[in-house]
Amino acid sequence: MGDVRRGGAGRWRTAGSALGRVIGVWAVSTLTLLVLAGLLPDFQLQSPDGDTLTRTALTAAWATGAFGLLGALVWPLIVRALLLVPALVLGLLGFFLNGSLLLVALRLTPDGRGAADPETAVVVAAVMSAVASGTSTALAVRDDDAYRRRLYRLTGRTRPRGPGDPADATPGTVFLQLDGVGHDVLRDAVAAGLMPAVAARLAAGHRLTPWRTDWSSQTGASQLGILHGSNEDVPAFRWYEKDTGRIMVSNRPGSAVELQRRAVRRTGDDGLLSFDGASRGNLFSGGAEQVALVLSVAARRGRRNRSRAGYFTYFSDPANAVRTAGSFVAECVRETVQSARARLRRETPRIPRGGTYPLVRAFATVVERDVVVSAVMGDVLAGRTVVYADLVAYDEVAHHSGPRGRDTDQVLRRLDRSIALVATVAEHAPRPYRIVLLSDHGQSPGETFEAAYGLTLKDLVRAGCGLPVPRRVRRTRSGSEARDAARDALRSALHRPPADGDETAREPSARSSDPVVLASGNLGLISFPDVPHRMTREELDRRHPALLRTLADHPGIGFVLVASAEHGSVVLARDGVEVPVSDLTDDGPLAVFGPGAAAAVRRVDGFPHVADVMVNSMYDPATGTVHAFEEQIGSHGGLGGEQSRPFLLSPPELSPPVGEGEELVGAEQVHRVLRRWLAESGGPQVPVGYPAAETEGARAPVEPRSAVTEISPSPSLPESHLPVDGPIARDEKR
């Protein structure tokens with residue numbers, strides 16, 4: 001009987017506490033509305049003839065209540081209707097939609113006493129949402145029971161787990177990918193005090209392990225290998241396929257769908273996340289049924305296949321929408337200021353950062369981060385077995401600001417806060433969680449190839465082929481030398497007797513077409529579309545006699561890979577160096593690129609869609625710099641420096657990734673390590689839903705299961721528990 005009385009008293013205390021918080025939020029919001037009405041000339045809560053203070057206060061209370069009810073009932077419906085709006089503008093629309101709800105609330109006041117201009121309504125609604133969220137947090141910050149009940153409500157539970165309830169002691173696993181954060185960058189950030197949450201994990205015995213990427217050190221190849229176990233035939237971030245006439249680009253939805261389909265067909269396996277998994281913010285689904293912001297699903301049609309539905313869960317809370325929109329604007333301002341400062345200080349290297357880049361950066365560092373972190377928290381609170389999420393903020397900023405510096409330091413601090421947030425929420429999950437941090441590649445600094453030499457790789461290739469180039473290219477030393485070499489080689493070829501049956505030797509460019517030149521960081525790919533097969537060195541020398549030596553002898557190029565009818569394939573470098581790929585070692589022309597470079601080149605040489613000519617930029621080990629063939633001063637995609645050295649940070653409960661003295665090489669080996677860790681946590685040890693095959697060649701064609709976009713409820717936690725920056729996080733502004 002005593003327990004019953006205590007239980008009844010506890011319920012009354014709970015109800016009373018909740019009612020008290022509602023009244024408190026209402027009162028503070030009403031007071032805020034009164035203050036704004038006094039400060040803003042275009043906002044009023046009185047009739048034209050004036051009202052008593054009591055009547056004005058009642059009008060404010062009425063408008064506040066109506067605004068709160070509209071936000072709770074109507075806002076989620078509006079956001080769901082706007083799922084097809086581009087994600088970049090969805091957050092900003094939150095301001096105007098919130099203002100519209102306030103205008104409706106003012107019209108509902110008695111006798112229509114409330115009125116405001118549309119522009120003023122937007123400002124008032126934003127302030128009201130922020131005040132309500134902050135007040136609710138302040139009132140509940142010391143109420144642990146309220147916080148726990150909020151977490152239980154987010155997971156669909158109505159009460160704490162009792163002693164008699166079945167417990168799931170099998171640990172879940174969360175993989176958080178810090179896109180582009182190299183091993184050395186992470187280590188230095190911890191040493192500098194930028195990432196205290198990561199430092200705490202290292203102090204607790206978590207194991208930091210570097211691993212080496214494939215030649216194509218970029219997210220498309222690495223994440224496909226990590227999530228699906230195979231990145232075979234992914235030679236770069238973008239490449240030309242002669243058999244289809246298609247340019248594949250890893251971050252385009254159509255290409256991502258095809259790459260995932262090929263990987264599933266090759267392995268006969270859905271992927272790492274095929275058993276009760278969730279994929280958040282990735283290029284590929286990993287076989288997960290729960291997806292949000294996944295590129296390979298974004299191209300699909302139908303209500304159950306909208307990866308964009310992840311936005312609804314987050315932006316259905318008006319406070320989230322206003323907070324993220326405010327942070328979005330603050331990030332745009334921050335980028336504008338940082339870019340102007342770099343110009344005024346004449347920092348080098350430097351690239352243009354105008355146009356739409358501030359919006360792109362703000363989306364990556366604010367919108368994508370907030371939505372993905374929120375989705376991961378929902379997955380953890382729902383008790384999912386495995387979650388893999390990609391946070392792209394650092395990679396985006398480092399491309400334009402460089403891998404190290406004040407700009408990227410701020411991003412690393414905010415990433416650390418996101419890690420801490422997920423770890424905190426995991427403590428309230430219905431099962432224990434092991435959190436693994438990893439990256440897909442690093443970044444190498446250096447000025448662009450064009451900034452260093454006055455022409456692009458495409459310009460150099462066209463000059464080496466004797467094709468027309470812009471006047472500015474002809475004035476550069478590299479362009480002039482390439483054109484002279486092409487002209488001399490052409491004259492020589494025209495006077496050289498043709499080989500038996502070979503008419504192309506007499507007129508090298510008669511059948512030529514413009515080459516397709518593509519850049520993937522400091523890796524370049526050159527293809528000739530009119531030749532259906534991979535061209536050999538001998539064919540290229542007959543058609544464009546000066547091209548290969550022009551490339552190999554250029555000071556901004558480290559080495560060139562090309563097929564050879566005589567030697568199979570060869571690597572060409574400066575000073576006339578030529579080494580058959582079959583004889584290639586980590587010494588010789590690839591020595592500067594470090595251990596494993598020869599094996600990486602040899603593997604890509606066997607890909608069906610390897611380009612006619614593969615070009616890797618120079619690498620200076622003294623400075624760690626490379627030359628990107630695109631507009632990036634922090635780049636990745638080829639060999640050279642920190643771009644090829646990402647990391648794994650795993651808890652001590654999991655086995656070491658590799659044995660003592662061994663090296664973790666390639667994304668496919670990382671996939672095997674992660675699968676082993678899932679097995680150690682009690683997860684699936686064999687592929688789910690696919691028959692095993694004895695050999696790769698014997699694997700039957702298998703289509704991936706449909707990945708649906710029903711996502712778990714993502715939390716809308718109190719202000720102090722959300723990843724906040726911009727106007728609210730004052731310590732993060734500089």
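Reader: Which residue in β22 is the bridge partner of Trp-211?

Author: In general, the strands of a sheet pair through backbone hydrogen bonds, either parallel or antiparallel. In this predicted model, Trp-211 has Leu-664 of β22 as its bridge partner. Strand β4 (residues 207–212) is joined to β22 by two bridges, and these strands run parallel.

Reader: What is the order of the strands in the open sheet, and which strands stand at the edges?

Author: The eight strands follow the order β8-β7-β9-β3-β10-β21-β4-β22, and their pairing is mixed. At the edges stand β8 (290–292) and β22 (664–665); each has a single partner strand, so one side of each lacks a neighbour in the sheet.

Reader: Which strands does α9 touch where it packs on the sheet?

Author: Helix α9 touches β3 (172–178), β4, β9 (386–391) and β10 (433–438), and its direction makes about 175° with that of β9. Helix α16 (residues 406–426) lies across β3, β9 and β10, and runs at about 165° to β10.

Reader: At what angle do the axes of α9 and α24 cross, and why is α9 described as roughly parallel to α24?

Author: The axes of α9 (residues 219–228) and α24 (residues 667–680) come within 7 Å and cross at roughly 30°. Angles under 35 degrees count as roughly parallel, so α9 is roughly parallel to α24. Their crossing is right-handed. Among the residues that meet are Ala-221, Ile-226 and Leu-227 in α9, and Val-670 and Leu-674 in α24. By class, this contact has six nonpolar, four polar and one charged residues.

Reader: What is the mean pLDDT of the protein?

Author: The mean pLDDT is 78, with 67% of the residues at 70 or more. Over residues 489–511 the pLDDT is below 50.

Note on methods. Residues are numbered from 1 along each chain as its sequence is written. This is a predicted model: local features need pLDDT of at least 70, side-chain atom pairs count only at pLDDT 80 or more; totals for chains, interfaces and linings use all residues. Side-chain values use heavy atoms; hydrogens and water are left out. pLDDT is the predictor's confidence in each residue, from 0 to 100. Contact means heavy atoms within 4.5 Å. Axes are lines fitted to C-alpha atoms, for helices over the stretch in contact, and angles run from 0 to 180 degrees between N-to-C directions. Helices (H or I, at least four residues) and strands (E, at least two) are DSSP runs, numbered from the N terminus. Angles under 35 degrees count as roughly parallel, over 145 as roughly antiparallel, 65 to 115 as roughly perpendicular and the rest as oblique. A crossing is left-handed if the near helix is turned anticlockwise from the far one by less than a right angle, and right-handed if clockwise. Ala, Val, Leu, Ile, Met, Phe, Trp, Tyr, Cys and Pro count as nonpolar, Asp, Glu, Lys and Arg as charged, and the others, Gly among them, as polar. Two strands pair if DSSP finds at least two bridges between them.
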